[in-house]
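Open the model in your viewer and keep the selection tool at hand. The tour goes from an interface to a helix and then to a sheet.

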Amino acid sequence: MVLRRAARARSWRPGHTRLAVTALVTLLAMGSAAALAAEPAVEATSDALRASARQAFDHDISPFVMTYCERCHGENKRKGDFTFVNALKDPFAVAYRPLWKLAITKIHAQDMPPEQAEKQPAEHERAVIATWVASLKHLSPRDPGTFVIRRLSKVEYANSLHDLFDVDPQIAKDLPDEIFGAGYTNTISPLLMEEYLLVAGAVLDQVIAPPGAPPTAAQLRLIPALPAARSGTAEAARAIAAQVARRAYRRPPTAGELDVLLKVFALADARGAPFSEAVRLMLKAVLVSPQFLFITPDAPVAAGATIVPLGDHQLAARLSYLLWATMPDDELDRLADAGTLHQPAVLAAQVRRLLADPRARALFDGFGAQWLGIDKLADKAFDERKFPQMTRELRTAMYDEARLLFDSVLRGDRSVRELIDCDYTFLNGPLAAVYGIPDAASGPQLRRVALRDANRGGILAMPAILAMTSFPNRTSPVKRGVWVLEQVLGESTPPPPPNVPPLDKQDPAKVAHLTLRQRTELHRSDAVCASCHKILDPIGFGLENFDAIGRWRTQDEAGGAVDASGELPGDQRFTSPAELKRIIAGRQDDFCRNLTGRLLAYALCRQLEGYDEVVVDQLTAAIANDGYRLQSLVMAVVTSYPFLNRRLAD
Amino acid sequence: MRKNWLIDRRTCLKGLGVALALPLLETMGWADPPSGTAWKPPVRLGFMYMPHGVIETAFWPTDPATFLTAPPPAWDALRPLMGQCLALKGIEGVPITGLGGAPHALELSTWLTATLPDVHRRDTIHIAISADQIAANHIGANTALPSLELATMPQNHKENQEGLNENYYSHCSFSSSTQPVPAETSPANAFKRLFTSRPLTAAALGRGATAGDDLDRSMLDLVLGGAKDLRGGLSGGDQRKLDEYLEGIRTLERRVAALERQQQTAAARAAAAADGSASATIHVDIPEGKPKLSEYMRVMGDLIVLAFQTDTTRVATLIGSTPNGISYPELGFTDEHHSLTHHNFDPVKVDKLTKINQFNIAQFAHIVTRMHELREGDGTLLDHSIMMWGSGLEDGNKHARKNLPAIIAGKGGGTIRPGRFVPDCQGNQGDLVSSLLVAAGIPLEKPIGIGTKFLTQLG
């Protein structure tokens, strides 16, 4: 399951399904990476929470299900192919987590029990089961999740080739594009295997000059001097193998691994190939070896082990691929060789060093852009007649604007709240025109610009995001509303139920003359639609002052005046994007939790589940206590239990 | 012979320009092992996809009697070829019970698997091998490429529906229950892969003055041995992951072996071309830069035709588009396909959707028309093929899956009897794709996925 609080989609008030985690907050109110090592105390608290959830199950939940659900979803009747029978027997099993979550969504939305059912739970009974489902995470055994050997992503592979042999990362451009982060499949297809072999050949064509041609610079670095005598070739080859494999495998190669490479060298050598050509074949073997293509463990694991810490070399690789999308550099290599990288102080210092390096841009290009949903801005279709200015250059500038804000908050170690609400941004000439402040910047280079208009500043009012959440030819308040709820606040919005009765059946003549806003508001005349749209739509309308590429406007597509006012549940009213932004920014705890969970999922290359939810609670509490600073957030994730440990899959 | 072939092929590719002619393909052989019996063209199997279902009033024929003479509007481009087409109505898609909020994540992934993902392990891929990959394992085993997977959109759309792994959204081919097969989106790369890469040969080793063709192969053997050593020290999950790698290497080796077999039977093919019983190989234009969608889809289609004609592969899939974000500016409007499909019977939207349906079927028509024009053995390439165009939804407005739209073209070497509309098949997607596999000569003990029977209405 995704770490999303499905049940919250229909609510607004923050935290209403959250268990009281005050105890944890107190425990974790230390802020630094090392603080998270306070494990025994955390464990004790978790034990208490587990016991209380168990008690609640016996006291409240089991009777609730037996009273209100069992008749239709029990042993005999399994309406909708849904039964509690197995879940009641083993209520805390991770396998039944989705079932409980689905159940609570239905119960909370008053979809279940159905209206015609005789017995209806009281509101407080519904609330009790909601709280209990939210507490289920505490029943998960402490588990970092599996971390099976992971294939390098396309980007990581390309960057690693660059670091190894100084080739252009574009050399791997023909590899298929793939989903990275949560959802990464980590499989290897014949197509990919073939590409690896071809790319390895192309790389080495650049590195090793053909026999007779003058050696390349990279070749001279690898082979400073040819072995003086034929008898010395194997020895020279072994030295080259040891040097390249150490970096390419991201750990010292074993003697057996070097032997394999030497056998490859001998294969070509025995056919009379020149030394450089035999080395070339050997290097090709390095580049198609699983030790290069996968992040592999440091050493064989002890028999019977189930959860083990990452070895220092595997940790170095995991860290540098997360923050830099490339292999560890010399300093990380050295610390891993010394076996000290895992020490909290050393690790924290390395995280700060990596984040300060220009290569940390990879964190935005990999994670940030995906999270904000702007990674495909370059390819998105726009109506060229309406928006002729959406050139490649302007799209790049829009993307860079978001990247530079993220970078600025990260480097300045500022609060994540600044990502939503701030009084500056980064503009170049064309982008300043989109903002309607042409004097603010000129030329192609983006620079920091102070903003006077409170409606601007922050990701909600940023052209890249406003454009990505629009249709090619017009805005979509619903898409924007969904984006804010899901990407910013971490709530899940169920897709619209199929076969919604056409709105215009109500009164076609009348509907035809409605504005987009009025038409959209019809959602709320239907109870099924209203539960989501009463939150989605106001947010989307609050951003209607921005057109489909993020320009300010006071008239919508149809020529009507934009009405950006609205109300969110809990009596929160706004009349402008600026006021809407402030309301959203006020939910910094939800925002922080969402961002933390997403980064953790990205770092682990899987969706979060079970114990991960407890981890995210702990991390969020610690980050909040440290002023919601973005570096602290990254630090918390890379020093978290699931990042530093792994469960061995059986 | 083999060396010359190699050199010629590479020479040919040096001239890779805008237009690609393949004169040398005439010397390529059928992959069937020589047996002394009369040569018979193999059956090819192709699948082409459009998301979001169809406008049913424009797609479904109304009457078997007028099927040939008055085809439905969406079929417009197939008008000259109605006699080669079979329409089957009454094929139910995979019910998505328990995952009702993921209509679009499941339309493509259930299409050829006829299987619902494992709801308990939804965050990773757990589905079933797809029909095209079953075919690849059988009729593809002897060709240079067991199967060809093409798409016109990258498969990295990240949209989480019902907590399902995002890869369900944009993949139709699965080589096992856990492995999605990526599709090639670049025509130039697809061409290279089909006709130039002989990765385990001198071509990949380069500069083979002193080295034999088999050096890379021997190198890979050594790497494979090293990988097995590594495997010994790993835990169970890691070992299984490494097994995928080992299988990848073995697949490459099988591919080379298939190429070698293909050489041995070059004569049969050359003779067929010489006596005029087979057409010359077609020309494929690889567009430069970013082509219009119609050109893009057409060149992908051409590559499939060429791959089939040269027997480089016998199984192909073409994902015309995935459910996210596609729009059709060349039809004169930029609305996204998906948002149009929730049309609520707005006549303007319905009209645009009909045009989108026509556009996609026209690209399919382009493929089957070319195949129909190519002589081969006792008939045409299309006669020896089974081509299916379809969608994983019946209707995007209501996300219905009761009557999945499908067009079957070709005779499958005599197993399919086209030129008909069967109005009530009373089958499901598992029945349909299983029956197509059997028609292509693939032995199946029982239907795949949700299938319960083999359809009797194909022949």
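Here are the stops, with what to select at each.

This is a predicted model, in which local features need pLDDT of at least 70, side-chain atom pairs count only at pLDDT 80 or more, and totals for chains, interfaces and linings use all residues. Residues are numbered from 1 along each chain as its sequence is written, while chains are lettered from A and ligands numbered from 1 in the order in which they are written.

**Interface.** Show both chains. The contact takes 67 residues from chain A and 63 from chain B (contact: C-beta atoms, placed from the backbone, within 7 Å). On chain A, select α8 (190-207), α11 (255-270), α12 (275-288) and α13 (290-293), the elements that each give two or more residues. Helices (H or I, at least four residues) and strands (E, at least two) are DSSP runs, numbered from the N terminus. The largest share, 8 residues, comes from α8(A).

**Helix α22(A).** Select residues 477-488 of chain A. Of these 12 residues, 10 are buried (20 or more other C-beta atoms within 10 Å of the residue's own, all placed from the backbone). W483(A) is one of them. Just after the helix, G490(A) has a positive phi of about 75 degrees.

**Sheet in chain B.** Seven strands form an open, mixed sheet, ordered β5-β9-β2-β12-β13-β3-β14. Strands pair if DSSP finds at least two bridges between them. β5 (148-151) and β14 (420-422) of chain B are the edges, each with a single partner strand, so one side of each lacks a neighbour in the sheet. Now pick β3 (85-88) of chain B, which runs parallel to β14(B) over 3 bridges. There, A87(B) has F421(B) as its bridge partner.

Methods: Two residues are in contact if their C-beta atoms, placed from the backbone, lie within 7 Å. The expected span of a helix is 1.5 Å times one less than its number of residues.
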